[in-house]
Amino acid sequence: MMFQTDITRMFGIKYPIVVGTMAHLSCAEMVAAASNAGALGVLSSATFLTGEAFRNEVKKVKDLTDRPFAVNLNLFPSMKPIDNMEYLEIIADEGIKIIETSGNKAPEEIAKKAKEHGILMIHKCVGVRYALKAQSIGAAVVTVVGYENGGATGTLDITTLCLVPRVVDALNIPVIGGGGVADGRGFLALLALGAHGVIMGTPFLVAEECPIHRNLKEALIRATELDTMIVMRGIKNSHRVWTNEASKKVAELERQQAGIEDIIHAASGERVQKMYRNGDVNAGIISCGQGVGLIKKIRPLKEIIEEIVFQADELRRHLVAS
Ligand SMILES: Cc1cc2nc3c(=O)[nH]c(=O)nc-3n(C[C@H](O)[C@H](O)[C@H](O)COP(=O)(O)O)c2cc1C
């Protein structure tokens with residue numbers, strides 16, 4: 001077996017790859033496709049606004065795969081907050097063994113309850129001090145993503161190349177690293193930096209199973225590493241997103257020091273749905289990392305993963321032989 005690490009052994013997965021959770025996209029089909037491909041799929045619980053809807057989606061994943069998967073609990077501020085402690089009980093009740101928390105603060109209450117239920121907690125963050133805090137409250141694994149990453153970037157702006165080895169050196173639990181990884185070269189580089197696993201989100205936006213309109217996938221394939229920007233920094237919710245009319249509009253509102261409501265409204269829900277479902281590529285904003293410059297075609301998620309692992313293995317042999 002290729003690339004066995006503490007993470008593959010701890011989670012019982014084939015490859016040390018996490019298909020990063022994506023709000024509104026990491027629903028049952030996508031999560032099951034990731035886990036069936038040998039990676040760890042992560043269900044986005046905050047996408048489901050009631051406990052009942054969430055439980056149904058968990059059951060759906062269980063129908064579609066018998067491989068391990070995780071559930072993300074969102075700690076970021078949200079327009080439609082859900083009760084994470086209620087969702088944690090559902091997770092325990094459904095026999096899910098891995099959760100991932102992501103947000104501004106390491107979640108002590110969740111960590112304690114997860115431990116009582118025998119659930120492994122991954123905490124995802126963007127800096128050494130947050131990683132240390134997560135370890136101190138009982139996280140089994142810490143995920144760190146560098147400034148290149150798609151989605152929340154925090155405020156520290158540390159690149160993957162520096163952040164991952166710093167965190168690996170500082171912690172005594174396994175570390176998953178990511179941010180800007182989009183092929184076998186990046187994957188192998190992250191393992192060389194000491195990560196035990198690699199998280200990727202952006203490359204899977206163009207997976208066939210990803211529930212966004214084909215127009216948007218094609219636009220992302222045409223995009224380069226220059227086509228992302230950071231928005232919502234002013235309202236302490238900085239995100240790296242794809243540069244389009246909607247993200248430029250959000251940036252413009254920020255420059256004009258518009259109110260938080262106007263900014264959130266411009267960045268929010270319905271518009272995103274219009275883009276995701278109807279293919280109107282300028283309607284809303286979509287998180288996207290700089291690795292978008294490396295993605296080349298729409299294909300099944302399994303193929304993306306297998307090519308990453310194959311390319312990394314070839315490269316490893318080549319490096320050893322040279
Ligand atoms: C469209 C999109 C939506 C995302 N939504 C979330 C989310 O809701 N919660 C979260 O913790 N991370 C979210 N992420 C971050 C990913 O889980 C992952 O950490 C990140 O994509 C890794 O960096 P990369 O995009 O450079 O591969 C999202 C990423 C993307 C591209």
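A residue is called buried when its relative accessible area is under 20%, exposed when over 50%, and partly exposed in between, using a 1.4 Å probe on protein chains only. The structure described here is a predicted model, in which local features need pLDDT of at least 70 and side-chain atom pairs count only at pLDDT 80 or more, while totals for chains, interfaces and linings use all residues. Residues are numbered from 1 along each chain as its sequence is written, and side-chain values use heavy atoms, with hydrogens and water left out.

**Domains**

- The protein chain is divided into domain 1 (6-209 + 300-321) and domain 2 (214-290), with bounds that come from an automatic or database domain assignment.
- The C-alpha centres of the two domains lie 23 Å apart, and 19 residues of domain 1 are in contact with 17 residues of domain 2, where contact means heavy atoms within 4.5 Å.

**Nonpolar cores**

- A nonpolar core is a set of buried Ala, Val, Leu, Ile, Met, Phe, Trp, Tyr and Cys residues joined through side-chain atoms within 4.5 Å.
- The largest such core has 84 residues, and those with the most contacts inside it are Phe187, Leu301 and Ile305.
- Helix α13 (residues 301-321) gives the largest share of this core, six residues; helices (H or I, at least four residues) and strands (E, at least two) are DSSP runs numbered from the N terminus.
- Because domain 1 (6-209 + 300-321) and domain 2 (214-290) both give residues to this core, it lies between them.
- Another core, of 15 residues, lies apart from the largest one and includes Ile7, Leu40, Ile98 and Ile176.
- Not counting residues up to four places away in sequence, Leu301 touches Val19, Met30, Ala33, Ala34, Ala37, Phe204, Ala207 and Glu209.

**Positive phi values**

- Most residues other than glycine have a negative phi.
- His24 has a positive phi, near 70 degrees, and is found in the loop between β1 (17-19) and α2 (28-36), where His24 is partly exposed, with a relative accessible area of 32%.
- Met232 also has a positive phi, near 65 degrees, and its place is in the loop between β10 (228-231) and β11 (239-242); at 7% relative accessibility, Met232 counts as buried.
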